[in-house]
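Have a look at the structure first, and then we'll go through some of its spots one by one.

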Amino acid sequence: MADLYPVPQDWAKRARVNAEKYTQLYGRSLADPGSFWLEQARRLDWIKRPEIAGDWSFREEDFRITWFVDGRLNASANCIDRHLKTRPDQVAILWEPDEPGEEARRFTYRQLHAEVCRFANVLKAQGVQKGDRVTIYMPMIPEAAFAILACARIGAIHSVVFGGFSPEALAGRIQDCDSKIIVTADEGRRGGKRVPLKANVDASAAHASSLQKVIVVRATGGDVAMQDGRDVWYHEAARDVEADCPPEPMGAEDPLFILYTSGSTGKPKGVLHTTGGYLVWVSLTHELVFDYKPGTIYWCAADIGWVTGHSYILYGPLANGATTVMFEGVPNWPTPSRIWEVIDRHGIEILYTAPTALRALMREGDEYVKRTSRGSLKLLGTVGEPINPEAWRWYHDVVGGGRCPIVDTWWQTETGGALIAPLPGATDLKPGSATRPLPGVDPQIVDAEGEVLTGAAEGNLVIAKSWPGQMRTVWGDHGRFFQTYFTTYPGKYFTGDGARRDEDGYYWITGRVDDVLNVSGHRMGTAEVESALVLHAKVAEAAVVGMPHDIKGQGIYAYVTLNSGEEPSDALRKDLVAWVRTEIGPIASPDVIQFAPGLPKTRSGKIMRRILRKIAEGDISNLGDTSTLADPGVVDDLVANRAA
Ligand code: WTA
């Protein structure tokens, strides 16, 4: 039997939701979703309160997803203005700089209001209107949050692009949503290194013809070139605008943001979230999963460029009147004690981070943790990939001193917020399990034929009903939205993940079952890396699969066939890694490149990835049936020249 960590008694007593209340909430949410969700919607301030909850169908003939469609609200007003009466002087955003010696910056709700209004007025002055797409390519500085909330305030749709993406990747994301304006900074700082954000924007502009304006925040003071007529310094533009900016009334189904994410095909998808349902979802789940009480100092150590940053650094916590920490740096700089020092410095009670960071820190030894106090910590969270029980126990015992429950939250960019996660006052924990569904979430395990499996079972994870935080479309390609998520198992949302449900009804996510990798908690489509590789002049063909990796969870293993006449070499291998870094970004760097004179293909030309995966994993005793291959001899060569 798996280890069980029962709910600590004080948590069961103090938490908003105990086991009994969870059962009640969950039961009601599925039995009477209409009244349940209209009641939940009251957690927000509406300009017009909705009278309609969910109206949706996952079937082709009447496919639609809307929530609270007749409601009107503004997301930034919910994250800022409504707290001005109750907690104007409470810190809303607490910013910890990259350099540990530098002072932290704090913005109260009142100050946040002023900053966001000013940013919003700068955007307006640059011609941004409701519905326009604003690309945000920023380091982890408070101005990134101001820019995001400013978009929400004026009804512009933000599209945040992670600062680690290359100019090529950035250009594709600007162009796809036809964004005319980008907000960036001179440079970013991470772990003592500078990231040339403005220079990257300049380099991307050649491939992003829609781009007309660049707003540049001065962050490091580094030297950057400004192009007349196109580039604007934020601090100069901010001098000339009004201090107040009234929030724009938005329909609940008006778009709030686009966030690009990797899928199993080459091009990243622009996941679109709308205003009302998303905000209800992130606010509710943030409160339930973290048992959040306003004013508690809470740190989600993600980057704002990922959905975790959107939902659980900004929108969820701020809607709930939180003090949310934003960290510019990285966990292991200047030393592997950094995270724990930041916790002590600010008295942080809740920490939410990724298993990959924990594994990297665990490897450095307990000493770096133990020389800090961490006495303020009450609750720990993880997200982004399955957490191995060893890392879970280390997090629990060493980091949390055995006192803090761990909430392992399973979700996706597409889901807006957590769908399967324990509640600290309600759910006994099992290391490695995301445990049970949140209210309104109806997960099912299906087999390859779509048969719903009951009881303890393993298969593919689908969600049978819509929930308010669900994505509404793929930007510019509604057909692709339906095709990607609702055709594999008609009438159900297919997550792309495999899962097991145990005899207690607990869910164990086993990882992606499609061609998406999870590298250090970052999603990466194998097709994206392949497309980048074949753009190289010497490469004829490439096939990319995942391989087990101690720290990253999964590493990237690339099989590369060169053009005839080209010779494999270590120099070329390095060159190809550097090539992928410039095409996509450092997160896509292949860990292994194996030169392969041929790839295993069926007679119809389809690459047999199953075989490539097994070779990458080193599981060569069991390659399965290779008789359908066009040239079975290829496999022997691949095995003989395994590079890992
Ligand atoms: C994986 C991140 C196991 C999963 C919020 C999912 C997880 C993908 C967990 C989405 C978890 C996320 N346990 N696996 N707690 N959380 N995943 O879109 O494979 O960047 O489909 O969203 O990460 O990644 P995304």
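## Reading burial

A residue counts as buried when its relative accessible area is under 20%, as exposed when that value is over 50%, and as partly exposed in between. Keep in mind that you are looking at a predicted model.

You'll find Ser520 in the loop that links strand S27 (516–519) to strand S28 (522–525). Ser520 also has a phi near 50 degrees, which is a positive value in a residue other than glycine.

## Another positive phi, and a cis bond

Arg374 has a positive phi too, near 55 degrees, and is likewise a residue other than glycine. Look for Arg374 in the loop between helix H15 (367–370) and strand S19 (379–383). Its relative accessibility is 8%, so Arg374 counts as buried.

For a backbone detail of another kind, go to the peptide bond from Trp333 to Pro334: this bond is cis, with omega near 0 degrees. Pro334 sits in the loop between strand S17 (323–327) and helix H13 (338–346).

## Around the ligand

Which residues come nearest to the ligand? There are 17 residues around the ligand, and Asp408, Thr409, Thr413, Asp497 and Arg523 are the nearest of them. In the side chain of Asp497, an N or O atom is 2.6 Å from an oxygen atom of the ligand. Arg523 has a polar side-chain atom 2.8 Å from a ligand oxygen atom. With Gly384 it's the backbone that takes part: a polar backbone atom there is 3.1 Å from a nitrogen atom of the ligand.

How much of the ligand does the protein cover? On its own the ligand has 530 Å² of accessible area, and the protein covers 96% of that. Helix H12 (307–319), strand S20 (406–409) and strand S26 (507–512) are the elements that give two or more residues to the shell around the ligand.

## Two buried polar residues

Ser466 is in the loop between strand S23 (457–463) and strand S24 (473–474). At 4% relative accessibility, Ser466 is buried. Its side chain has a polar contact of 2.7 Å with the side chain of Gln470, and another of 3.0 Å with the side chain of Trp67. Setting aside neighbours within four places in sequence, Ser466 touches Trp56, Phe58, Ile65, Trp67 and Gly440.

His286 belongs to helix H11 (residues 276–289). Is His286 buried or exposed? With a relative accessible area of 0%, His286 is buried. A polar contact of 2.9 Å links the side chain of His286 to that of Asn320. Apart from neighbours within four places in sequence, the contacts of His286 include Asp291, Tyr292, Tyr298 and Tyr312. Gly316, Pro317 and Asn320 are also in contact with His286.

## A helix on the inside

Helix H18 (residues 526–534) has 9 residues, and 7 of them are buried, so this helix is largely enclosed by the rest of the structure. The buried ones are Thr526, Ala527, Glu528, Val529, Glu530, Ala532 and Leu533.

How many disulfides does the model have? The count comes to 0 disulfides. A disulfide needs two cysteine sulfur atoms within 2.5 Å. For Cys117, the closest cysteine sulfur is that of Cys245, and because the two sulfurs are 5.6 Å apart, they are too far for a bond. For Cys177, the closest cysteine sulfur is in Cys151, and at 11 Å this pair is too far for a bond as well.

Both of these cysteines are out of view: Cys117 is buried, with a relative accessible area of 0%, and Cys177 is buried, also at 0%.

## A lysine with an annotation

UniProt, in an unreviewed entry, places the feature "modified residue: N6-acetyllysine" at Lys606. Where is Lys606 found? Lys606 is in the loop between strand S31 (592–595) and helix H20 (609–617). Its relative accessible area is 58%, so Lys606 is exposed. Not counting residues up to four places away in sequence, Lys606 touches Pro600 and Lys601.

Technical notes:
Residues are numbered from 1 along each chain as its sequence is written. This is a predicted model: local features need pLDDT of at least 70, side-chain atom pairs count only at pLDDT 80 or more; totals for chains, interfaces and linings use all residues. Side-chain values use heavy atoms; hydrogens and water are left out. Buried means under 20% relative accessible area, exposed over 50%, partly exposed in between (1.4 Å probe, protein chains only). UniProt positions are given in the numbering used here, feature names are shortened, and annotations may be inferred rather than shown by experiment. Helices (H or I, at least four residues) and strands (E, at least two) are DSSP runs, numbered from the N terminus. Contact means heavy atoms within 4.5 Å. A residue is near a molecule or strand if one of its heavy atoms lies within 4 Å of it. A polar contact is a pair of N or O atoms within 3.5 Å; within protein, one must be able to donate a hydrogen and the other to accept it, and residues adjacent in sequence count only if both atoms are side-chain atoms. Accessible areas come from the Shrake-Rupley method with a 1.4 Å probe; for residues, only the protein chains shown count as cover.
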